[in-house]
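Trainee: Could we take a close look at one part of this model together?

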Amino acid sequence: MLRPASYAIGKWIEPGAESRAIHGPVTGDLIGQAGGAPLDVQRMLDWARSTGGPALRAMGFHDRARLIKALAVYLGERKEELYAINPLTGATRRDGAIDIDGGIGTMMVIASKGRREMPDGQVYVDGAAEGLSRGGTFIGQHIAVPLQGVAVLINAFNFPVWGMLEKLAPAILAGMPVIVKPATQTCYLTEACFRMIIESGILPEGAVQLVIGGTGDMLDRLGAQDVVSFTGSADTALHLRTNPALMRNSVRFHAEQDSLNATILGPDVAAGSPAFQAFIKEAANEITTKAGQKCTAIRRIIVPQSAINEVSEALMARLAGITLGDPAADGVRMGALASAAQKADVLDKLSALAGETVRLTDDPETLDLIGAGPEGAFLAPTLLRCDDPDAARAVHELEAFGPVSTLMPYRDADHAAALANRGGGSLVASLVTDDPQVARQVTLASAAWHGRLYINGASSANEATGHGAPLPHMVHGGPGRAGGGEELGGVRGVLHYMQRTAVQGSPDVIAAITGQWQPGAAEIDAQQHPFQRTFNEIRIGETLHTDAREVTLEDIAHFAEFTGDTFYAHTDEEAAKANPFFPGRVAHGYLLLSFAAGLFVQPDPGPVLANTGLNSLSFQKPVSPGDSIKVRLTCKRKTRRTDSYGEIAWHVTLTNQDGDQVAEYELLTMVSYTR
Ligand code: NDP
């Protein structure tokens, strides 16, 4: 008997007297008892806020990203223990891969994004500084810092592992402690994964807690620095988001809820073509994966009127090959729904859809099961057809959260987009087309209604990531009926757990806050060439001013000849003069960059290992023969990259003999920690 425990204030708490029975969806047997233990939710919140939060915030983004990566590696090593439990939820191993490997992979990507795209410090710098004064003594900078409360992560039953990890990783990376609340029906799988997180000892004390069963009055106790991130039904979302404490304290509430996702077969796609095959394969996958219990599953299949018979025949043929039964048995492609209640709910929704649709597949309760009996929560893949989708309402509004999808015809691309939009806001809509102009037309007509547009065709079919797969790199969430929330999307998903603040002050103030040098901030003279100093020795603001070098006509002619860049502005005085940008022949921008390197480089072997790139280069004023240039090189930003070296970003400016800035860029070098 499974007895998943809560984890509060550093202790495991077994199910209590009021625990709820969990019946397995495959046999209907009682498999566990969960929840019902008295939890001191105020102490849980206090513990997270006073122990986990400060410990996480004492670290920087890269430190936390390393923890998330270490945790993902640890979970990856123990994932077979999770796969062993997975069939109890009704899911096949393939379904489980989306949940278990999908969750671990998501953590990996979030960790990597944190290391690559966030600073190696405690303050996230959002965009460039804004000049707010003529003399440059007062500037503005948007920053983001972790919220100082707790993130309450409430998940649905369908992804017990991914659901937890895809919310937990961005929150921890942001620097917020979390309290995880899984759906009770499949909470034992979440608990098994959560137990591994605790056993790993990787996260600091207070960073994570787990509530099995009800949250009591926890939400009533949330305040201005807390976040609720919810996935589940629209009804529960509405109930929770209207909690007076959440509204009074403007508690951030992210919801991802029911979604009537659509797929469109482009008007250009001929029956039997590679794009057509890709469309049929994806549509069938979305109906059957996780027995259709995916928030991103395709509920409406929108096809040209002229192709509806070919599509229905091809889809029915594919669905006929789907074997059902015990998800742990060999040869089973589709398992059970999560519970008997879920099955009853889908049957209710099918009845409600019956007035607007005809069923093309057989009775979903007539089953040929492998290794399972009729007492399980099984339903066969069910394809409906709605011939008048303009007049219909239920097909656009009722989500049968199971292996059910409705085929409907459209007249032209605008009509197809309008039908997709009738879902009232969705997580994802897909389009299969080989015509980029059709893709553009549908995107302009419907992107505003969908959190993600997935466009596939013959050229991308082999590598496309799947309509139903939310990727950590891309945002997941959608407007309107889909909940109006947004998760993931790389660093975007991390910022939901942070406060964006506009900071105004002098360049020195902004540099001290962000840990990044700003033009106008104090320069440090280290009395030693910066390229002779190790990563650890170099301080933000250390500056080198070089001597001047004259740029001659011979230099320009030589560079043109040597590189082959004989563009007329460098070689033909008359033609150059006719160009409104130039006074006559001018130096190549790349000649200036090369001369700049010649001016600032220290040639001896030293801690600088390599020049790895250059950002934000701009040439701001032409340099004519006879002008002279000099360089200022300032350490702007330091980022540890490996155990032996880190990246230093240098702010570089070139000025002419009149003190006018002629070029500016950010130079990246890898610098050793030791000499
Ligand atoms: P629910 O909305 O019932 O539950 C979602 C989560 O909210 C669960 O963890 C649930 O816990 C919790 N919850 C419920 N009431 C409260 C409360 N008062 N305070 C705090 N937490 C609460 O969704 P289900 O998971 O049961 O799924 C029901 C339906 O939701 C599905 O049939 C489907 O239509 C839709 N759904 C949509 C998804 C999507 O992403 N689009 C995903 C999953 C479901 P507990 O289990 O303990 O009640």
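Trainee: Where is isoleucine 9 placed? And which residues are the closest to the ligand?

Mentor: Happy to! This is a predicted model, so local features need pLDDT of at least 70 and side-chain atom pairs pLDDT 80 or more, while totals for chains, interfaces and linings use all residues. Residues are numbered from 1 along each chain as its sequence is written, and side-chain values use heavy atoms, without hydrogens and water.

Isoleucine 9 sits in the loop between strand E1 (6–8) and strand E2 (11–13); strands are DSSP runs of at least two residues, helices (H or I) of at least four, numbered from the N terminus. Its phi is near 50°, a positive value in a residue other than glycine. Isoleucine 9 counts as buried because its relative accessibility is 18% (buried is under 20%, exposed over 50%, partly exposed in between, with a 1.4 Å probe and protein chains only).

Now to the ligand. It is surrounded by 25 residues, the closest being Asn155, Thr184, Ser233, Thr236 and Cys295; a residue is near when one of its heavy atoms lies within 4 Å. A backbone N or O atom of asparagine 155 lies 2.6 Å from a ligand oxygen atom, and a polar side-chain atom of threonine 184 lies 2.5 Å from an oxygen atom of the ligand. Two or more residues of the shell come from each of strand E10 (227–231), helix H7 (234–241) and helix H11 (340–353). H7 gives the largest share, three residues.

Terms used: Polar contact = N/O pair within 3.5 Å; in protein donor to acceptor, adjacent residues only side chain to side chain.
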